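My notes follow the model shown here.

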Amino acid sequence: MPPHAFTAVDDQDDPSAWVDVLDKVRAHPFYAAYKTRAAELLAPRAGGRYLEVGTGTGNDALALFERYGVRVVGVDASETMIAEARRRGLEEATVADATALPFEDGSFDGAWADRTFQHLAEPERALAEMARVTRAGGRIVVVDPDYGTQAVAVEDEEIARRVLGSRVRHLRNGTLAHRMAGRFAAAGLQKVEAEAMTLVVRDPTAVDNVMGLRSWADGTADADAWHTAIDDSIARGAFLYAVTFFLTAGTKVT
Ligand SMILES: C[S@@+](CC[C@H](N)C(=O)[O-])C[C@H]1O[C@@H](n2cnc3c(N)ncnc32)[C@H](O)[C@@H]1O
(Lines give C-alpha, C1' and ligand atoms only; values in the text may rest on other atoms or scores of the structure.)
Protein backbone atom coordinates (compact mmCIF):
# COMPACT_ATOMS: atom_id res chain seq x y z
CA MET A 1 0.00 0.00 0.00
CA PRO A 2 1.45 3.43 -0.86
CA PRO A 3 2.21 5.64 2.16
CA HIS A 4 -0.33 8.31 2.98
CA ALA A 5 0.69 11.59 4.58
CA PHE A 6 -1.61 11.27 7.57
CA THR A 7 -0.11 7.90 8.53
CA ALA A 8 3.24 9.64 9.13
CA VAL A 9 2.95 13.43 8.98
CA ASP A 10 6.38 14.02 10.53
CA ASP A 11 8.12 11.96 7.82
CA GLN A 12 6.84 14.14 4.97
CA ASP A 13 9.04 16.68 3.16
CA ASP A 14 6.96 19.53 4.60
CA PRO A 15 4.91 18.37 7.62
CA SER A 16 3.43 21.83 8.13
CA ALA A 17 1.74 21.57 4.72
CA TRP A 18 -0.60 19.00 6.32
CA VAL A 19 -1.64 21.58 8.91
CA ASP A 20 -2.75 23.77 5.98
CA VAL A 21 -4.65 20.84 4.44
CA LEU A 22 -6.65 20.37 7.65
CA ASP A 23 -7.41 24.10 7.83
CA LYS A 24 -8.55 24.23 4.20
CA VAL A 25 -10.94 21.30 4.40
CA ARG A 26 -12.48 22.47 7.66
CA ALA A 27 -13.39 25.76 5.95
CA HIS A 28 -16.00 23.85 3.88
CA PRO A 29 -19.47 24.16 5.49
CA PHE A 30 -20.01 20.40 5.29
CA TYR A 31 -17.16 19.86 7.73
CA ALA A 32 -18.63 22.26 10.26
CA ALA A 33 -21.99 20.46 9.94
CA TYR A 34 -20.72 16.92 10.49
CA LYS A 35 -18.37 18.00 13.28
CA THR A 36 -21.28 19.66 15.08
CA ARG A 37 -23.28 16.43 14.78
CA ALA A 38 -20.32 14.34 16.00
CA ALA A 39 -20.10 16.53 19.11
CA GLU A 40 -23.84 16.06 19.71
CA LEU A 41 -23.43 12.28 19.50
CA LEU A 42 -20.65 12.49 22.09
CA ALA A 43 -23.20 14.23 24.37
CA PRO A 44 -20.61 16.08 26.48
CA ARG A 45 -21.64 17.08 29.98
CA ALA A 46 -20.30 20.32 31.40
CA GLY A 47 -17.29 19.78 33.62
CA GLY A 48 -16.50 16.40 32.05
CA ARG A 49 -13.14 15.29 30.61
CA TYR A 50 -13.00 14.15 26.98
CA LEU A 51 -10.33 12.70 24.71
CA GLU A 52 -9.79 13.32 21.02
CA VAL A 53 -7.69 10.67 19.25
CA GLY A 54 -5.89 12.05 16.18
CA THR A 55 -6.55 15.64 17.21
CA GLY A 56 -4.54 17.19 14.35
CA THR A 57 -4.45 20.96 14.85
CA GLY A 58 -6.63 20.66 17.96
CA ASN A 59 -9.36 22.90 16.54
CA ASP A 60 -12.19 20.47 17.27
CA ALA A 61 -10.92 19.85 20.81
CA LEU A 62 -10.83 23.60 21.43
CA ALA A 63 -14.31 24.01 19.92
CA LEU A 64 -15.68 21.32 22.25
CA PHE A 65 -14.12 23.08 25.23
CA GLU A 66 -15.62 26.41 24.17
CA ARG A 67 -19.08 25.08 23.30
CA TYR A 68 -19.65 22.65 26.15
CA GLY A 69 -17.38 23.88 28.96
CA VAL A 70 -15.55 20.56 29.13
CA ARG A 71 -11.91 19.67 29.64
CA VAL A 72 -10.40 18.17 26.49
CA VAL A 73 -7.21 16.21 25.98
CA GLY A 74 -5.87 15.67 22.47
CA VAL A 75 -3.48 12.97 21.31
CA ASP A 76 -1.86 12.58 17.91
CA ALA A 77 0.97 10.45 16.53
CA SER A 78 2.50 13.54 14.91
CA GLU A 79 4.77 15.89 16.84
CA THR A 80 4.07 18.57 14.21
CA MET A 81 0.33 18.35 14.87
CA ILE A 82 0.70 18.34 18.65
CA ALA A 83 3.00 21.37 18.53
CA GLU A 84 0.40 23.15 16.37
CA ALA A 85 -2.46 22.14 18.68
CA ARG A 86 -0.56 23.53 21.67
CA ARG A 87 0.25 26.72 19.76
CA ARG A 88 -3.49 27.16 19.11
CA GLY A 89 -4.26 26.85 22.80
CA LEU A 90 -4.92 23.16 23.48
CA GLU A 91 -2.98 22.84 26.73
CA GLU A 92 -3.39 19.09 27.20
CA ALA A 93 -2.00 17.81 23.92
CA THR A 94 0.21 14.71 23.86
CA VAL A 95 2.10 12.74 21.23
CA ALA A 96 0.77 9.18 21.44
CA ASP A 97 -0.33 6.37 19.19
CA ALA A 98 -4.03 5.54 19.07
CA THR A 99 -3.22 1.94 19.97
CA ALA A 100 -1.32 2.81 23.17
CA LEU A 101 -3.11 5.65 24.93
CA PRO A 102 -1.09 6.87 27.92
CA PHE A 103 -4.10 7.18 30.23
CA GLU A 104 -5.67 5.27 33.12
CA ASP A 105 -8.68 3.02 32.60
CA GLY A 106 -11.96 4.93 32.80
CA SER A 107 -10.25 8.32 33.06
CA PHE A 108 -12.44 10.09 30.44
CA ASP A 109 -16.16 10.80 30.22
CA GLY A 110 -16.02 10.13 26.50
CA ALA A 111 -13.67 9.88 23.51
CA TRP A 112 -13.89 10.63 19.82
CA ALA A 113 -11.81 10.31 16.64
CA ASP A 114 -12.50 12.28 13.48
CA ARG A 115 -10.98 11.04 10.20
CA THR A 116 -8.28 9.17 12.15
CA PHE A 117 -9.42 5.54 11.85
CA GLN A 118 -9.08 5.58 8.06
CA HIS A 119 -5.31 5.86 8.63
CA LEU A 120 -4.78 3.29 11.39
CA ALA A 121 -2.97 -0.03 10.92
CA GLU A 122 -4.89 -1.53 13.85
CA PRO A 123 -8.29 0.17 14.11
CA GLU A 124 -9.79 -2.49 16.41
CA ARG A 125 -6.93 -2.04 18.87
CA ALA A 126 -7.44 1.72 18.81
CA LEU A 127 -11.17 1.31 19.45
CA ALA A 128 -10.41 -1.01 22.39
CA GLU A 129 -8.07 1.64 23.76
CA MET A 130 -10.73 4.34 23.48
CA ALA A 131 -13.15 2.04 25.30
CA ARG A 132 -10.58 1.24 27.97
CA VAL A 133 -9.92 4.89 28.88
CA THR A 134 -13.64 5.80 28.87
CA ARG A 135 -15.67 5.38 32.06
CA ALA A 136 -18.78 3.20 32.17
CA GLY A 137 -21.66 5.19 30.71
CA GLY A 138 -19.33 7.34 28.58
CA ARG A 139 -19.80 7.80 24.83
CA ILE A 140 -17.39 6.96 22.02
CA VAL A 141 -17.72 8.52 18.55
CA VAL A 142 -15.77 7.69 15.40
CA VAL A 143 -16.19 9.56 12.11
CA ASP A 144 -14.64 8.76 8.74
CA PRO A 145 -15.44 9.14 5.06
CA ASP A 146 -16.13 5.86 3.29
CA TYR A 147 -14.39 5.99 -0.07
CA GLY A 148 -16.43 3.06 -1.32
CA THR A 149 -19.30 5.57 -1.60
CA GLN A 150 -17.49 8.02 -3.90
CA ALA A 151 -19.15 9.36 -7.04
CA VAL A 152 -17.75 11.71 -9.66
CA ALA A 153 -19.73 13.10 -12.58
CA VAL A 154 -17.67 12.21 -15.65
CA GLU A 155 -19.15 10.54 -18.70
CA ASP A 156 -16.59 7.70 -18.79
CA GLU A 157 -17.79 5.65 -15.84
CA GLU A 158 -15.13 2.99 -16.33
CA ILE A 159 -12.29 5.44 -15.81
CA ALA A 160 -14.13 6.95 -12.83
CA ARG A 161 -14.43 3.49 -11.28
CA ARG A 162 -10.72 2.81 -11.74
CA VAL A 163 -9.51 6.17 -10.45
CA LEU A 164 -11.87 6.27 -7.46
CA GLY A 165 -10.92 2.66 -6.71
CA SER A 166 -7.26 3.60 -6.56
CA ARG A 167 -8.23 6.30 -4.06
CA VAL A 168 -9.66 3.61 -1.80
CA ARG A 169 -6.40 1.66 -1.93
CA HIS A 170 -4.47 4.85 -1.12
CA LEU A 171 -5.79 4.60 2.44
CA ARG A 172 -5.33 1.85 5.00
CA ASN A 173 -9.05 1.72 5.83
CA GLY A 174 -10.76 3.58 3.00
CA THR A 175 -14.00 1.61 3.33
CA LEU A 176 -14.08 0.83 7.05
CA ALA A 177 -16.50 3.63 7.96
CA HIS A 178 -19.73 1.82 6.99
CA ARG A 179 -18.56 -1.19 9.04
CA MET A 180 -17.63 0.73 12.19
CA ALA A 181 -20.99 0.03 13.85
CA GLY A 182 -20.12 -3.67 13.69
CA ARG A 183 -16.69 -2.95 15.19
CA PHE A 184 -18.38 -1.03 18.02
CA ALA A 185 -20.67 -4.01 18.72
CA ALA A 186 -17.70 -6.40 18.65
CA ALA A 187 -15.90 -4.15 21.14
CA GLY A 188 -18.82 -4.58 23.57
CA LEU A 189 -20.17 -1.06 23.15
CA GLN A 190 -23.92 -0.61 23.47
CA LYS A 191 -26.62 1.76 22.15
CA VAL A 192 -24.63 1.75 18.90
CA GLU A 193 -25.87 4.28 16.35
CA ALA A 194 -24.67 5.00 12.83
CA GLU A 195 -25.50 8.10 10.81
CA ALA A 196 -24.43 9.14 7.33
CA MET A 197 -23.75 12.59 5.92
CA THR A 198 -22.68 13.18 2.32
CA LEU A 199 -20.17 15.74 1.12
CA VAL A 200 -21.18 17.06 -2.30
CA VAL A 201 -18.65 19.28 -4.09
CA ARG A 202 -19.79 21.20 -7.17
CA ASP A 203 -17.01 23.80 -7.14
CA PRO A 204 -14.69 22.87 -10.04
CA THR A 205 -11.73 24.61 -8.37
CA ALA A 206 -11.71 21.64 -5.96
CA VAL A 207 -10.26 19.63 -8.82
CA ASP A 208 -6.95 21.42 -8.42
CA ASN A 209 -6.95 22.78 -4.89
CA VAL A 210 -7.06 20.86 -1.63
CA MET A 211 -8.79 17.78 -3.07
CA GLY A 212 -6.32 17.53 -5.93
CA LEU A 213 -8.80 15.30 -7.75
CA ARG A 214 -7.17 15.93 -11.11
CA SER A 215 -3.94 14.31 -9.92
CA TRP A 216 -5.55 11.10 -8.70
CA ALA A 217 -4.59 9.16 -11.85
CA ASP A 218 -1.11 10.68 -12.21
CA GLY A 219 1.56 8.07 -12.87
CA THR A 220 -0.99 5.61 -14.31
CA ALA A 221 -2.08 4.84 -17.86
CA ASP A 222 -5.35 6.68 -17.11
CA ALA A 223 -3.72 10.06 -16.36
CA ASP A 224 -4.40 11.82 -19.68
CA ALA A 225 -7.88 10.38 -20.12
CA TRP A 226 -8.76 11.35 -16.55
CA HIS A 227 -7.66 14.97 -17.10
CA THR A 228 -9.76 15.05 -20.29
CA ALA A 229 -12.79 13.54 -18.55
CA ILE A 230 -12.57 16.08 -15.71
CA ASP A 231 -12.11 19.04 -18.08
CA ASP A 232 -15.08 17.88 -20.15
CA SER A 233 -17.22 17.60 -17.02
CA ILE A 234 -16.29 21.13 -15.91
CA ALA A 235 -16.84 22.58 -19.42
CA ARG A 236 -20.38 21.15 -19.45
CA GLY A 237 -21.15 22.54 -15.99
CA ALA A 238 -21.55 18.94 -14.85
CA PHE A 239 -18.78 18.64 -12.29
CA LEU A 240 -19.78 16.92 -9.05
CA TYR A 241 -17.85 14.84 -6.51
CA ALA A 242 -19.53 13.16 -3.55
CA VAL A 243 -18.47 10.93 -0.67
CA THR A 244 -20.44 9.79 2.36
CA PHE A 245 -19.13 10.13 5.90
CA PHE A 246 -20.34 7.71 8.57
CA LEU A 247 -20.66 8.84 12.18
CA THR A 248 -20.68 5.92 14.61
CA ALA A 249 -21.48 6.30 18.30
CA GLY A 250 -21.77 3.88 21.18
CA THR A 251 -21.81 3.71 24.96
CA LYS A 252 -19.28 1.97 27.17
CA VAL A 253 -21.17 -0.19 29.66
CA THR A 254 -18.71 -1.81 32.05
C1 LIG B 1 -7.09 13.60 8.65
S2 LIG B 1 -6.27 14.06 10.11
C3 LIG B 1 -7.68 14.56 11.13
C4 LIG B 1 -7.31 15.51 12.23
C5 LIG B 1 -8.50 16.06 13.04
N6 LIG B 1 -9.18 14.98 13.72
C7 LIG B 1 -9.47 16.81 12.14
O8 LIG B 1 -10.60 16.35 11.94
O9 LIG B 1 -9.09 17.89 11.65
C10 LIG B 1 -5.80 12.52 10.87
C11 LIG B 1 -4.91 12.69 12.10
O12 LIG B 1 -4.67 11.39 12.67
C13 LIG B 1 -3.31 11.35 13.10
N14 LIG B 1 -2.90 9.94 13.19
C15 LIG B 1 -2.60 9.10 12.17
N16 LIG B 1 -2.24 7.91 12.64
C17 LIG B 1 -2.32 7.98 14.00
C18 LIG B 1 -2.07 7.06 15.06
N19 LIG B 1 -1.67 5.80 14.81
N20 LIG B 1 -2.26 7.47 16.33
C21 LIG B 1 -2.65 8.74 16.59
N22 LIG B 1 -2.90 9.66 15.63
C23 LIG B 1 -2.73 9.29 14.34
C24 LIG B 1 -2.56 12.15 12.05
O25 LIG B 1 -1.29 12.58 12.50
C26 LIG B 1 -3.55 13.30 11.78
O27 LIG B 1 -3.31 14.41 12.61
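Which of the 21 residues around the ligand come nearest? I listed Lys-35, Gly-54, Asp-76, Ala-98 and Asp-114. I keep in mind that this is a predicted model.

The side chain of Lys-35 has an N or O atom 2.8 Å from an oxygen atom of the ligand. For Asp-76, a side-chain N or O atom is 2.6 Å from a ligand oxygen. A nitrogen atom of the ligand lies 3.0 Å from a polar side-chain atom of Asp-97. On its own the ligand has 600 Å² of accessible area, and the protein covers 96% of that. I sorted the shell around the ligand into eight nonpolar, six polar and seven charged residues.

Next I turned to helix α4, residues 79-87. Which of its residues are buried? I found Met-81, Ile-82, Glu-84 and Ala-85. Viewed down the axis of α4, the buried residues stay within an arc of 160°, so they line one face of the helix. An α-helix has 3.6 residues a turn, so residues three or four places apart point the same way. The face turned away from the buried side of α4 carries Glu-79 and Arg-87, which are exposed.

What do the buried residues of α4 pack against? I noted α1 (16-26), β2 (71-76) and β3 (93-95).

Last, I checked both ends of α4. At its start, a side-chain oxygen of Ser-78 comes within 3.2 Å of the backbone nitrogen of Thr-80. Just after α4, Gly-89 has a positive phi of about 115°.

Key:
Residues numbered from 1 in each chain as written. Predicted model: local features only at pLDDT ≥ 70, side-chain atom pairs only at ≥ 80, totals over all residues. Heavy atoms only, no water. Near = heavy atom within 4 Å. Polar contact = N/O pair within 3.5 Å; in protein donor to acceptor, adjacent residues only side chain to side chain. Areas by Shrake-Rupley, 256 points an atom, 1.4 Å probe, with all protein chains shown as cover. Nonpolar A, V, L, I, M, F, W, Y, C, P; charged D, E, K, R; others polar. Buried < 20%, exposed > 50% of the residue type's maximum accessible area, 1.4 Å probe, protein only. Helix = DSSP H or I, 4+ residues; strand = E, 2+ residues; numbered from the N terminus. Arc of directions from axis to C-beta. Contact = heavy atoms within 4.5 Å.
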